[in-house]
Amino acid sequence: MVVSLGRRSLFVSCLLAFVTYLYWRETQRKRNVLYALEDEKESLALAVAGSDSYAWRLKKDKMIFDSFLGKKSDLESYSLDVSVFCSFIHPSFLPQVESILHRDMIDGKRFVELQCDFDGKGYQWWELRCSTMKSIFGEQKTTGLLLNIEEYKKREQELIEAREVAEKAELKESFLANMSHEIRTPLNAIVGFSNLLASPDMEFSDEEKKQFIDTITRNNELLLKLINDILEISRIESGYFSFNNEDWSLAAVVDEIYQTHSLLMPRTLEFSLEKGDGTVWVHLDRDRLVQVITNFLNNAAKFTTKGYIKLGWNYVEERHEVELYVEDTGIGISKSEQKVIFSRFYKKDEFVQGTGLGLFICKVIVEKLGGRIALSSEVGVGSRFSVFFSAEKRDF
Ligand code: ADP
């Protein structure tokens, strides 16, 4: 009996000691977790404070911030009405912000970059992040972060500007490299053949001399055209060139272009005019448009040996615009070539007469005139170069 009593009390004591140990261990674990949590909170707060960031949650129509946004503004409280918050935002960003803070917003994460002026010292860039979900009670829960991204935006702008400068320099470099190549080629021919003709030690037949003189003349013309084209581009691009836009009726001017080119077209080609319906008026610089169409016609004649060349126009009723086109049954242009054909100095064949600047100038002119340029072509079938401009159909 005494022995069993002793055993029982020993068992109870052991149990008590074990329970006490478990309790002590749990308390230690809890304390450690609390310390860790406190630590984490502190470092998070430090990080947030250092980065000018504010956590917030939406409660009814109020935004409750984790720290005193009042430091940034004259506000007296950590919480402010959505409407008050919106009053610090630049008006152009309001629709976006209102849509993400809307009470009925569906679940999801959104963020918007916006400009706010919290302290009356001018607008700065901020990022408003927002996350919305349904709580277990079925209510909408919206929380988010407000981050100052002014420095980041400044760096971004600096990078954009630096890239633009680098791109311009690269463009200038490649333009100059192209230019010197294009100028040197005819110049070398002129100098070379002139030297040959002037050389006292060499005898040439009349036939040879004629060939040399033809080459010199051809390259003189090419050089002159090149210089004129380059001067034209720089005048247009620098804005020194003024466009003289006037109202005029299209049909008569297209007729005139047709008459002029009828005399110049090779006899082997059929050259025709396709007129649109009615009297169409445009508001454009007439000489510039004639220049563009002339360039299309000269190219068509250069790259077409049989078939036809058509000059035409038609009014596109639904878009209130007119299409002027030059269609040919020439060599055609491949899809890959079509992508670069309007670039400076593009020539498929280096030995073809021309500077490779004509279509580039056409594109610049058409864009300056407020129109657009288009090309449809198939190798071996032909090409159609078009320009589109706003136009009006009138009965007089
Ligand atoms: P250029 O001023 O030397 O005439 P363009 O810019 O007008 O140069 O034309 C560039 C190149 O586009 C030509 O060398 C030719 O390869 C191609 N091209 C232009 N028009 C036509 C056309 N109607 N048919 C086929 N190729 C064409």
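I began with Glu156, which forms a salt bridge with Lys153, the closest N and O atoms lying 3.2 Å apart; by salt bridge I mean a side-chain nitrogen of Lys or Arg within 4 Å of a carboxyl oxygen of Asp or Glu. Before going further I noted that this is a predicted model, in which local features need pLDDT of at least 70 and side-chain atom pairs count only at pLDDT 80 or more, while totals for chains, interfaces and linings use all residues. I also noted that residues are numbered from 1 along each chain as its sequence is written, and that side-chain values use heavy atoms, with hydrogens and water left out.

**Salt bridges**

Glu156 and Lys153 both sit in helix H4, three residues apart, which is about one turn of the helix; helices (H or I, at least four residues) and strands (E, at least two) are DSSP runs numbered from the N terminus. I then looked up the cover of each partner, taking buried as under 20% relative accessible area, exposed as over 50% and partly exposed as in between (1.4 Å probe, protein chains only). Lys153 is buried, at 14%, whereas Glu156 is partly exposed, at 29%.

I looked next at helix H1 (residues 2–50), where Arg29 and Glu26 are three residues apart, again about one turn of the helix. Their salt bridge has its closest N and O atoms 3.0 Å apart. Arg29 is partly exposed at 48% relative accessibility, and Glu26 is partly exposed at 34%.

I then turned to Lys393 and Glu317, whose side chains meet in a salt bridge of 4.0 Å, N to O. This pair links distant parts of the chain, with Lys393 in strand S13 (residues 382–394) and Glu317 in the loop between strand S10 (308–316) and strand S11 (321–328), 76 residues apart. Lys393 is partly exposed, with a relative accessible area of 35%, and Glu317 counts as partly exposed at 46%. I also recorded that Glu151, Lys154, Arg155 and Glu158 are joined into one network by salt bridges that share partners. For the structure I noted 23 salt bridges.

**Aromatic pairs**

I noted 12 aromatic pairs in the structure, where rings of Phe, Tyr and Trp (its six-membered ring) pair if their centres lie within 6.5 Å, and planes under 30 degrees apart count as stacked, over 60 as edge-to-face and the rest as tilted. The ring centres of Tyr54 and Trp126 are 6.3 Å apart and their planes stand at 40°, so this pair is tilted. Because Tyr54 lies in strand S1 (residues 53–59) and Trp126 in strand S5 (residues 124–134), the pair ties together parts that are 72 residues apart in sequence. Tyr54 and Trp126 are both buried.

I compared this with Phe204 and Phe212, an edge-to-face pair with 5.0 Å from centre to centre and 80° between the planes. Phe204 is buried at 17% relative accessibility, and Phe212 is buried at 10%. Finally, I followed the ring pairs that link Tyr54, Phe65, Phe85, Phe88, Phe118 and Trp126 into a cluster.

**A charged patch**

Glu167 is found in helix H4 (residues 150–198) and is partly exposed, with a relative accessible area of 49%.
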